[in-house]
Amino acid sequence: MFRTKLLKALTAIFFTSSTLLAQVERAEVYGKISDKTGVSVPAAYIVVKGNESKGTVTDMDGKYSISLPAGRITLVAKQIGYKSQEKTFELKPGDKVEYNIVLESDVVNMKTFVTTAGKYEQNIEKLTVSMDVLRPNIIENKNTAQIDDALQQVPGVSIVDGEPQIRGGSGYSFGAGSRVMILQDGLPILSGDAGRPSWGFMPVENIEQVEVIKGAASVLYGSAALSGVINVRTAYPRDEPLTKITMFSGLYNNPRNKEAIFWGSNNHGYSNVSFLHSRKIGNLDLTLGGNAFYDAGYVGPTPVNVNDTTFNPYAEQRGDFENRIRFNIGLRYRSKKIEGLSYGINGNVMYSRSASSLLWMNADSGMYRAYPGSNTLTLQDVSYADPFVTYTGKKGWNHYLRNRWFHLNNNNDNNQANRSDVFYSEYQVQKKFKSGYNVTAGAVHSYTLGRSQLYKGNLADSLASEATSTNQNIAGYVQVDKTFFEFLTLSTGARYEHFSITSPHISKTDSFTTVSEGKPVFRFGANVQITKATFLRASFGQGYRFPTIAEKFIKTAVGPVQIYPNENLKSETSWNAEVGIKQGFRIGKFEGYLDAAYFKQKFEDNIEFNFGLFGPLDPAQLFGFGFASLNIGKTQVQGTEITLAGRGSIGKTQISTLAGYTYTLPVALQPGLKYPVKFGLDSLTYASSSSDTSGYILKYRFQHLFKGDIEFTRGSWSLGVSVRYNSYMQNIDKIFEDMDELILSLLGQPQTGLKKYRADHQNGVTVIDARLGYQVNEKLRLSFVVNNLSNQEYTLRPMSMEAPRTTAVQLQVKF
């Protein structure tokens with residue numbers, strides 16, 4: 001009995017001693033992080049140097065606490081937009097050390113941290129997916145009036161007629177449906193009915209950076225992210241108030257083909273003025289911005305006859321032009337009463353008048369004129385309101401409730417008016433555990449109300465002014481990231497999507513159908529740090545895209561081109577796999593990375609915009625021939641990409657560069673699959689509708705892309721050069737080349753000359769831009785910018801000529 005009690009007592013003493021010993025062998029470091037003005041810095045990271053999986057994040061009041069083993073240890077404090085700060089401690093068992101940190105703003109931060117890949121801040125080197133970052137210096141210094149102009153410099157990215165493509169994952173779709181999710185500050189900004197971005201709506205005057213994910217990102221971002229994500233991140237106020245005004249004005253130069261000049265001796269011009277004011281007022285962050293833009297355009301009206309060179313710059317139907325004005329506001333308040341709570345609202349509103357043409361008049365004297373009936377005048381108003389609440393608990397749980405009401409109204413003059421309202425809400429919870437696991441989970445609800453003249457062609461009531469269609473999406477997702485052994489990072493995630501869409505109707509009492517479906521998607525990724533600056537990665541991700549309202553129900557015509565609906569259009573799915581290696585380097589004070597990747601994406605029921613026989617045998621409607629969104633079966637895109645990015649200085653010269661080459665092989669795996677067309681015409685397939693069947697290359701893709709930008713700064717001067725190369729677009733719809741002989745000549749309509757133009761231009765095109773800047777003083781900067789330096793005449797989409805050389809002067813004032 002005594003021995004038993006003694007054994008129990010000794011056991012209790014042993015475990016109590018072990019517990020006490022474990023407690024006293026650790027120490028605690030705590031404190032607060034603020035900026036130079038004393039304002040707290042939330043969501044800053046405090047990590048152990050050499051092992052960033054061990055650390056914590058400050059709450060909304062900038063406070064933190066971290067438990068560490070006793071001994072010598074170095075802590076690093078960091079946050080985007082601030083200089084990192086580190087300190088070494090000699091910690092004794094049981095120590096409680098207060099360490100308050102004051103971070104300084106950092107205009108040039110050599111490390112690249114991103115948030116899009118995992119919805120939390122990560123070092124780009126340790127990602128399991130490919131990502132490029134477009135920095136604000138390229139956006140500002142290139143006279144960027146809308147962000148898609150700057151995105152043309154990102155390796156592997158093409159913007160064709162406003163539609164984003166990443167690594168050949170999509171072709172041209174007449175503005176309906178996107179396989180690239182466009183985000184602003186992590187929230188979708190694609191139109192609800194068509195899935196098309198409004199590039200001019202984004203506040204280019206206040207961009208922190210643009211992050212581009214290449215590859216499937218559907219787990220975190222949903223249906224439109226099959227081929228990647230473009231996230232435009234705006235900046236919060238810094239320590240010091242900032243007011244910035246940017247103005248530029250330029251001219252379109254005469255093209256090489258003098259016969260194509262329609263503006264006489266008065267060259268068309270464009271002008272832009274934008275402003276930004278941001279400041280911290282106690283616990284309130286305030287951002288104000290705006291933009292006014294005028295562009296007379298370089299595409300003129302349809303001529304009355306071939307010798308007509310008259311031009312009225314004030315006429316409504318004067319060809320392509322754009323006038324717009326935009327204003328935005330951002331408010332964020334950090335609560336004084338509730339620790340860790342912040343809330344606010346962001347808003348943006350824009351009004352524009354513009355005209356755009358789908359087709360050129362011809363490939364010679366009319367290359368800068370619109371084909372009869374192909375010009376659309378648009379009065380557009382677009383706005384969003386984004387109320388949000390964030391809360392960081394004392395135990396490190398981060399809660400985010402973000403909402404967006406996105407309104408778009410396109411009042412077009414050719415029976416193509418459309419308007420949509422998107423109501424988007426997302427709740428996200430995120431925590432980085434002491435064990436090193438980072439868990440991100442969330443729930444999403446999105447509802448789209450689309451109303452358009454484009455959909456009334458599906459109604460029996462031909463007198464209806466417009467039709468209504470709705471789309472609803474409910475989704476839940478989770479992603480887990482974990483670093484093992486300080487060199488291996490694993491990531492896995494899953495998402496379930498459910499969609500429902502209603503057929504066009506006039507009112508809720510009308511008869512309409514609802515189609516509903518749902519699917520799960522999964523992703524896995526790994527990143528291995530082989531050496532100090534060498535990172536090997538691999539990833540696999542599934543994608544799932546439900547058709548947009550426009551893809552299923554659009555019915556319209558632009559010039560001679562007829563567009564038809566396809567109510568039986570099915571969802572498309574894909575998987576995307578990649579292996580890559582990223583090698584960091586440093587040459588003196590210049591550092592960067594070289595990245596190489598092999599990627600492969602395979603689609604089921606791939607949706608493409610294709611030609612076929614879909615309408616009645618009416619000569620006024622091209623005898624029923626036209627375009628529609630179709631499921632073309634299985635397709636595949638594979639290729640390689642090499643990217644170089646770096647910043648720093650060599651001697652007294654500051655250098656910043658981003659360059660890359662992308663090769664893709666996009667092929668139709670079922671080129672003989674028959675299309676669902678009318679009147680028993682069952683011989684129409686992807687192959688028979690293609691202009692070039694060699695290799696069964698997918699339509700409207702560039703197989704070779706090179707993008708490069710480099711900027712040198714020495715003293716007050718800076719010089720930048722941008723280069724873009726795209727190869728010949730091998731395959732397009734065959735009807736575009738045959739339309740002159742088969743259709744337009746029979747109808748007595750002008751011929752486009754596309755077939756001869758393509759035969760004469762098969763070597764691809766290289767476009768060079770240049771910019772020269774001078775910093776007059778701390779507040780004033782002057783720049784001279786030339787785009788398309790060699791004045792190339794080229795197209796990215798058939799029958800749509802890109803701009804000739806432009807020259808502009810920019811003035812920027814900061815105070």
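**Note on the predicted model: strands, salt bridges and burial**

1. Strand β35 and strand β36 (residues 625-631) are paired in the antiparallel sense, with seven bridges between them. The model under discussion is a predicted one.

2. How many of the residues of β35 are buried? Seven of its seven residues are, and the strand is accordingly described as mostly covered. In a regular strand, side chains alternate between the two faces of the sheet. For β35, one side carries Ile-607, Phe-609, Phe-611 and Leu-613, the other carries Glu-608, Asn-610 and Gly-612, and all of these are buried, which leaves both faces covered.

3. One residue of β35 also takes part in a charged pair. The side chains of Glu-608 and Arg-701 form a salt bridge, with N to O at 2.9 Å. Glu-608 belongs to strand β35 (residues 607-613), while Arg-701 sits in the loop between β38 (653-668) and β39 (704-714), so the pair ties together parts that are 93 residues apart in sequence. Both partners, Glu-608 and Arg-701, are buried. Elsewhere, salt bridges that share partners join Asp-132, Arg-167, Lys-214, Arg-537, Glu-578, Lys-582, Asp-595 and Glu-641 into one network.

4. The count of salt bridges comes to 38. Side chains of opposite charge can pair when their charged atoms come close. A further example is the salt bridge between the side chains of Glu-572 and Arg-179, at 2.8 Å from N to O. This pair links distant parts of the chain, 393 residues apart: Glu-572 is in strand β33 (residues 572-587), and Arg-179 is in the loop between β13 (163-166) and β14. Are these two residues buried or exposed? Glu-572 has a relative accessible area of 0% and is therefore buried; Arg-179, at 4% relative accessibility, also counts as buried, the cut-off for burial being under 20%.

5. Arg-332 and Asp-285 form another salt bridge, in which the closest N and O atoms are 2.6 Å apart. Arg-332 is located in strand β21 (residues 321-334) and Asp-285 in strand β20 (residues 284-295), so parts 47 residues apart in sequence are tied together by the pair. Arg-332 is buried, and Asp-285 is buried as well.

6. Strand β33 also contains Arg-586. With a relative accessible area of 61%, Arg-586 is exposed, because the cut-off for that class is over 50%. The side chains of Arg-586 and Glu-591 are joined by a polar contact of 2.5 Å. The C-alpha atoms of Arg-586 and Ser-571 are separated by 47 Å, the two residues being 15 apart along the chain.

7. An open sheet of mixed pairing is formed by five strands in the order β11-β16-β17-β14-β15. Why do two of these strands each have a side without a neighbour in the sheet? β11 (130-134) and β15 (187-188) stand at the edges and have a single partner strand each, so one side of each is left without a neighbour. Inside the sheet, strand β14 (residues 180-184) and strand β17 (residues 228-234) run parallel and are joined by five bridges. Val-180 has Gly-228 as its bridge partner in β17.

8. Thr-556 lies in strand β31 (residues 556-558). Its relative accessible area is 8%, so Thr-556 is buried. Neighbours within four places in sequence aside, Thr-556 is in contact with Phe-174, Gln-416, Leu-454, Val-561, Gln-562 and Ile-563.

9. As regards the whole molecule, the protein chain has seven helices and 45 strands. For 815 residues, a compact globule would have a radius of gyration near 28 Å; the chain has 28 Å, which agrees. Taken along the principal axes, the box filled by the C-alpha atoms is roughly 110 × 70 × 50 Å.

10. Burial and contacts complete the overall description. Of the 815 residues in the protein chain, 57% are buried. Among contacts between residues at least 6 apart in sequence, 67% join residues at least 24 apart.

Terms used:
Residues numbered from 1 in each chain as written. Predicted model: local features only at pLDDT ≥ 70, side-chain atom pairs only at ≥ 80, totals over all residues. Heavy atoms only, no water. Pairing = 2+ DSSP bridges. Helix = DSSP H or I, 4+ residues; strand = E, 2+ residues; numbered from the N terminus. Buried < 20%, exposed > 50% of the residue type's maximum accessible area, 1.4 Å probe, protein only. Contact = heavy atoms within 4.5 Å. Salt bridge = Lys/Arg side-chain N within 4 Å of Asp/Glu carboxyl O. Polar contact = N/O pair within 3.5 Å; in protein donor to acceptor, adjacent residues only side chain to side chain. Rg over C-alpha atoms; globule rule 2.2 N^0.38 Å.
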